[in-house]
Amino acid sequence: MNLFRNVVFIAAIAGLVAGVVLACLQAYATVPLILKAEVYEQAGGGHHHDHAAAPAETGDAMSSAAPAGNAMSSAPAPAEAAAPAEDEGWAPADGFERFAFNVVANIVTGIGFALILVAVSEFAGGIGNWRQGVFWGLAGFAVFTLAPGLGLPPELPAMPAAELLPRQIWWTATAVATAAGLGLIAFRKSLPLAILAVALIVAPHIVGAPQPESFETPIPEGLHHQFVVAVTVTDLVFWLVLGAAVGVVRGRFTGTATSLRDSFA
Amino acid sequence: MTTASVSLGTSVSSQSRFMQLAMAALLGIFVVGFVGFSHLDAVHNAAHDYRHSMAFPCH
C-alpha cells in the first residue's frame, strides 16, 4: 500500500493548501453574494429548501405582515428567526461558525479533489512540477467547473432550479464525459479518438441540463451575474493552486522533479 | 508516460499499482460526493456556502 499512502499524503498537503486558499477567496468573493441573496430569499417569504410546510413558517418568522389567517402563533417566531438561513435540521449559526464550517468543507473537498487529481495523473505519468500541475489544474477546472457550469450555472439561494437528483446526475455525467474527452485528446494520438473526444465533451450539452419550469426569481440579474463570475474565477484559482501544489509536493516527495520536467510537453 | 513508476511506488506490480490508484481516486470521489452531493440535511446545511460557491447542484 506504499503507493496508496504516497498518493494520500501528497493529496492531503496539496488539498489543504488549495482548500485554505479557496476558503479565503470565497469569504471575500462569493459568500457575501450568497448572504445578499438570502436577504431576497427571506423577503420573498419562501425558501427553496422547502419540501413541506416550511414556506409558511419562514414567511411568518421573517415578516410580521403575514396573513392573519395563517395559523402560526407568534410564539415560535423567535426560534425560527434564530436560524433564518435554513429551516430544516441543524445548521451552523451565522457568523464565525458558518465561516468555520465553510473552511472545513473547502479543506475536506480540496483533499478529495486532490486525491482524484493525483490518482488520475499518476496513470498518465504523474505531475512532475508546478507547471505541469497548472495544466492539470486547468483540466480539473474544465471538468468540474466549466463544463457542468455551462448547463447548470452557479446558482444563488432563492433561484429556481429543477429537481435536485436529475441535476446531480447530469452534473456528474458531464464531468465524467468531459474528463474522458480531455483524456482522449491529451493521451491518445489518434484522429478518430480525438473526434470521439469532442463528441463526448459536446454530448451532455446536446442532451441538456435539467432546467426549472420557470426562471422567475427575486434575485436581481446583476447579482447573479456577479456570482457566476466570482464562482468561476475562484474555482479557476483553486484548481491552478491545487495542480501546482501537487506538482511541488510530489517533486519534493520523490526528489525527481527536474528529471520529470520534460515528461509532459 | 511511464516516468511515474520511477518515482511513486517503484516496487509494486502494475496490477497492484492500478488497484491502489483506483482506490485513491474512489476515496476522493467518495469524499467530494459526501460533502457536495449528500442529501442529508445536516451535511447540506454545513457545506451550504461551499456547494453554492463550487456551483454544485444545490437546493
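What percentages of helix and strand does the chain have over residues 21–40 of chain B, and how far apart are the end C-alpha atoms? I looked up this stretch and found 85% helix and 0% strand, with the end C-alpha atoms 29 Å apart. Helices here are DSSP runs of H or I of at least four residues, strands runs of E of at least two, numbered from the N terminus. The unreviewed UniProt entry annotates residues 21–40 of chain B as "transmembrane region"; such annotations may be inferred rather than shown by experiment.

I note that the model is predicted: local features need pLDDT of at least 70 and side-chain atom pairs pLDDT 80 or more, whereas totals for chains, interfaces and linings use all residues. Residues are numbered from 1 along each chain as its sequence is written, and chains are lettered from A and ligands numbered from 1 in the order in which they are written.

I next examined the contact between the chains (C-beta atoms, placed from the backbone, within 7 Å). Chain A gives 58 residues and chain B 36 residues. On the side of chain A that touches chain B, α5(A) supplies the largest share, 17 residues.

I then turned to α6(A) and α7(A). Their axes, lines fitted to C-alpha atoms over the stretch in contact, lie 9 Å apart at an angle of about 135°. The angle runs from 0 to 180 degrees between N-to-C directions.

Key
Contact = placed C-beta atoms within 7 Å.
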